[in-house]
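Visitor: I would like to go through this model with you. Could we begin with the aromatic residues?

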Amino acid sequence: MATPLPMPKLGLTMEEGTILKWIKSEGEEVEKGEMILQIQTDKVEYEVESPDGGILLKTFAAEGDVVPCGDNIAVIGAEGEDTGAFQNGGAAPAPTSEPAAPEPVAPPAVQPAAQAATGRVLASPAARRVARELGVDYRTLRGSGPGGRIVQADVRSAAGSGAPRSTPAAPPAAQTGPPAVAAAAPVTGMRKVIVERMAASWEQVPRITLQAEVDLTNLLAVREASKAAWESDLGVKVSINDLIVFYTARAVRRFPQVNVQLSGGEIRRMQDVNIGLAVAVEEGLMVPVIRGADQKSIDQISRESRQLAEAARTGGLPLTALEGGTFTVSNLGAYGVDHFSAIINAPESAILTVGAARERAVVRGGEVVPRTTCFIGINADHRIVDGAPAAEFLGALKDTLEHPKVMPA
């Protein structure tokens with residue numbers, strides 16, 4: 001008997017999904033549990049397994065179609081079985097633009113690197129950076145990391161063994177008229193979700209932005225004094241960002257005015273403090289969530305932060321890890337950014353920004369002394385968060401970071 005494959009409902013808020021890619025085609029044989037297609041929800045890309053073994057008899061939606069949860073997108077069964085009973089009213093096609101002509105792809109000269117289901121090469125951000133610095137074409141390497149992922153050591157080893165080098169771009173020739181376009185393609189997948197969400201937040205949410213300079217010298221001293229104990233007793237390497245997230249969660253608990261959401265004309269004060277971490281991935285941006293962050297120890301914060309960030313970068317995040325955030329932290333210090341303004345991750349009411357920690361000249365007791373400082377800021381939905389409580393929250397967080405009283409535990 002034929003088995004239908006409905007569009008899965010992966011979370012309470014998911015209402016529809018977009019077909020990104022059919023991994024299997026009509027007429028192909030599939031096994032139960034085998035990946036059959038890739039979909040995009042409003043939060044994450046997800047690979048859908050076949051519910052049964054047999055032949056992929058019929059697909060009811062094409063790549064790019066938007067399908068409501070529960071509607072059938074395919075039928076698996078024995079060859080010759082009737083599929084008419086499983087037909088829906090039809091999927092709503094996503095808006096499309098004129099597709100660009102596909103570019104020819106040359107076969108790789110050496111064994112290719114491992115690829116994700118999306119076709120992208122699995123390589124860590126650090127490996128990509130080192131590859132650029134050393135001029136190595138990382139796409140030709142075979143990775144030694146988890147799942148064949150390319151890591152720094154693979155790139156450095158290849159640089160010393162004469163691996164294919166990336167070709168530097170030639171200087172642009174002088175031209176007149178409009179600039180040439182290398183390629184054009186419809187906005188789909190994660191980028192489409194980012195486009196829609198960022199535009200909606202920018203247009204619908206009036207923001208208030210406050211910033212303050214924070215002296216991190218004492219916090220760095222606490223970290224240095226506790227580093228060995230954290231590593232030996234707890235088995236974690238605690239970063240400055242881990243400490244900032246730790247103290248931010250507790251500041252949010254103390255100032256519930258910034259932990260609110262606007263829903264149906266009502267201001268809802270959230271009971272939980274669930275901190276979202278803005279993580280840059282190859283396709284865009286993801287915000288996995290540490291639930292109950294105000295109740296977690298520093299080693300739990302550190303461990304969970306790393307696990308979530310790694311899963312986001314390797315495509316292993318479940319949809320549930322992206323739901324339920326009440327307050328987001330975005331840190332661009334690693335990119336050398338001193339201070340910036342971030343777009344609020346709706347329906348949350350606020351986002352904290354963290355800039356680079358730098359040694360700066362600061363006046364203390366009438367003398368100029370070197371101190372390590374950074375700029376933090378809060379962008380808040382001014383419809384439901386007023387300037388005074390936002391300033392009180394930022395001031396309290398600044399004071400806590402400047403005068404950490406005890407080692408976090």
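Visitor: Are phenylalanine 255 and phenylalanine 393 buried or exposed?

Guide: Both phenylalanine 255 and phenylalanine 393 are buried, where buried means under 20% relative accessible area, exposed over 50% and partly exposed in between, with a 1.4 Å probe and protein chains only. Please note that this is a predicted model, in which local features need pLDDT of at least 70 and side-chain atom pairs count only at pLDDT 80 or more, while totals for chains, interfaces and linings use all residues. Residues are numbered from 1 along each chain as its sequence is written, and side-chain values use heavy atoms, with hydrogens and water left out.

Visitor: How many aromatic pairs does the structure hold?

Guide: The structure holds 3 aromatic pairs. Rings of Phe, Tyr and Trp (its six-membered ring) pair if their centres lie within 6.5 Å; planes under 30 degrees apart count as stacked, over 60 as edge-to-face and the rest as tilted. In phenylalanine 255 and phenylalanine 393, the ring centres are 6.5 Å apart and the planes stand at 80°, so this pair is edge-to-face.

Visitor: Which parts does that pair tie together?

Guide: Phenylalanine 255 is in the loop between helix H5 (240–254) and strand E11 (260–263), and phenylalanine 393 is in helix H7 (residues 387–402), so the pair ties together parts 138 residues apart in sequence. Helices (H or I, at least four residues) and strands (E, at least two) are DSSP runs, numbered from the N terminus. Ring pairs also link Phe255, Phe327 and Phe393 into a cluster.

Visitor: And charges over rings: where does the charged end of arginine 250 sit?

Guide: The charged end of arginine 250 sits over the ring of phenylalanine 246, 3.7 Å from its centre. For arginine 207, the charged end sits over the ring of tryptophan 202, at 3.9 Å from the ring centre. The criterion is NZ of Lys or CZ of Arg within 6 Å of the ring centre and within 35 degrees of the ring normal.

Visitor: Back to the helices. At what angle do the axes of H4 and H5 cross?

Guide: The axes of helix H4 (residues 217–234) and H5 cross at roughly 105° and come within 11 Å. That makes H4 roughly perpendicular to H5. Axes are lines fitted to C-alpha atoms, for helices over the stretch in contact, with angles from 0 to 180 degrees between N-to-C directions. Angles under 35 degrees count as roughly parallel, over 145 as roughly antiparallel, 65 to 115 as roughly perpendicular and the rest as oblique.

Visitor: Which residues meet there?

Guide: From H4, Leu219, Leu220, Arg223 and Trp230 meet Ile240, Leu243 and Tyr247 of H5, contact meaning heavy atoms within 4.5 Å.

Visitor: Changing topic, where is asparagine 379 found?

Guide: Asparagine 379 is found in strand E20 (residues 367–381). Asparagine 379 is buried, with a relative accessible area of 1%. Its contacts, leaving aside residues up to four places away in sequence, include Ile208, Thr209, Ser341 and Ile351.

Visitor: What about isoleucine 36; which strand does it lie in?

Guide: Isoleucine 36 lies in strand E4 (residues 35–40) and is buried, at a relative accessible area of 0%. Isoleucine 36 and tryptophan 22 are 14 residues apart in sequence and 6.5 Å apart in space, C-alpha to C-alpha.

Visitor: Lastly, which residues does the cis peptide bond join?

Guide: A cis peptide bond joins alanine 346 and proline 347, with omega about 10°. Proline 347 lies in the loop between strand E17 (327–331) and strand E18 (350–354).
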